[in-house]
Amino acid sequence: MDPPGGTPVGRRVVLGLLGLGAAGVAAGPYLQRVESNLAQKDPSGLSGLLPGNNGFRYYSVVTSVPERGAADYTLTVGGLVDRPGTHRLADLQAMPQRRLVKDVQCVTGWRVPDTPFEGVPLAHLLDAAGVRPGAKAVRFDCFDGAYSESLTLEQARRDDVLVALRLQDKPISHEHGGPVRLYVAPMYFYKSAKWLSGITVTDAVQPGYWEDNGYDVDAWVGRSNGRADAPTS
């Protein structure tokens, strides 16, 4: 079954991916290389059903994403704020941190239980920037050059929404959206934008990449996208 609003999947793609999955135990590292190449050309996300990712599935809406680290990573905060700013990785690491352990639920169906994320509460960054009257929402941009997401200001201020720096008690890898990604614990994982580069306070919700392709803007786990998954938070 296609994910809600997703790209239609051809029968040959489905059968090919299932065949690769069946061979996964024996194929080992070779399959990982095949999977990586296939995933870049697979808009359906079905390549994520292949084994070897510790329960997670890797998705990107572009063919490649440049890697960034402590030397060149920056996160801008702007829009309807009194004190716009730019934060380097070390700046974010020096801010108050919060650790959450929740299930991760993807709208395509897979789930990773009891997953630790750690990072700066988004509310802390918003308070530091000084949100102006009339602000209603927050937009998130990514250094892949294509992905975006959005939350209402009320959602963004929840204590289970992080600008995440660590996943499973390690720095977030590039494949998982590092060095910094958004983590929205109670919503489907497409809201947790990878490769986060910009936070912009706005006067209205601006639908993100997948919302423009049919996914729900309010993506509460178990209460959106036509799914009935158990809540993650």
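1. Pro 179 sits in the loop between strand E8 (170-171) and strand E9 (181-184); strands are DSSP runs of E with at least two residues, numbered from the N terminus. The peptide bond from Gly 178 to Pro 179 is cis, and its omega is near 10 degrees.

2. On provenance, this is a predicted model, in which local features need pLDDT of at least 70 and side-chain atom pairs count only at pLDDT 80 or more, while totals for chains, interfaces and linings use all residues. Residues are numbered from 1 along each chain as its sequence is written, and side-chain values use heavy atoms, with hydrogens and water left out.

3. Gln 168 belongs to the loop between strand E7 (161-167) and E8. Its phi is positive, near 55 degrees, though the residue is not glycine. Gln 168 is partly exposed at 33% relative accessible area (buried is under 20%, exposed over 50%, partly exposed in between; 1.4 Å probe, protein chains only).

4. Strands E3 (residues 98-105) and E4 (residues 111-121) run antiparallel and are joined by seven bridges; pairing requires at least two DSSP bridges between two strands. Leu 100 has Phe 117 of E4 as its bridge partner. Five residues lie between the strands of this hairpin, where Gly 109 has a positive phi near 120 degrees.

5. Asp 114, in strand E4, is a non-glycine residue with a positive phi of about 50 degrees. Asp 114 is exposed, at 57% relative accessibility.

6. Ser 148 lies in strand E6 (residues 148-152) and is buried, at 16% relative accessible area. Leaving aside residues up to four places away in sequence, Ser 148 touches Phe 140, Asp 141, Pro 207, Gly 208 and Tyr 209 (contact: heavy atoms within 4.5 Å).

How values were computed: Helix = DSSP H or I, 4+ residues; strand = E, 2+ residues; numbered from the N terminus.
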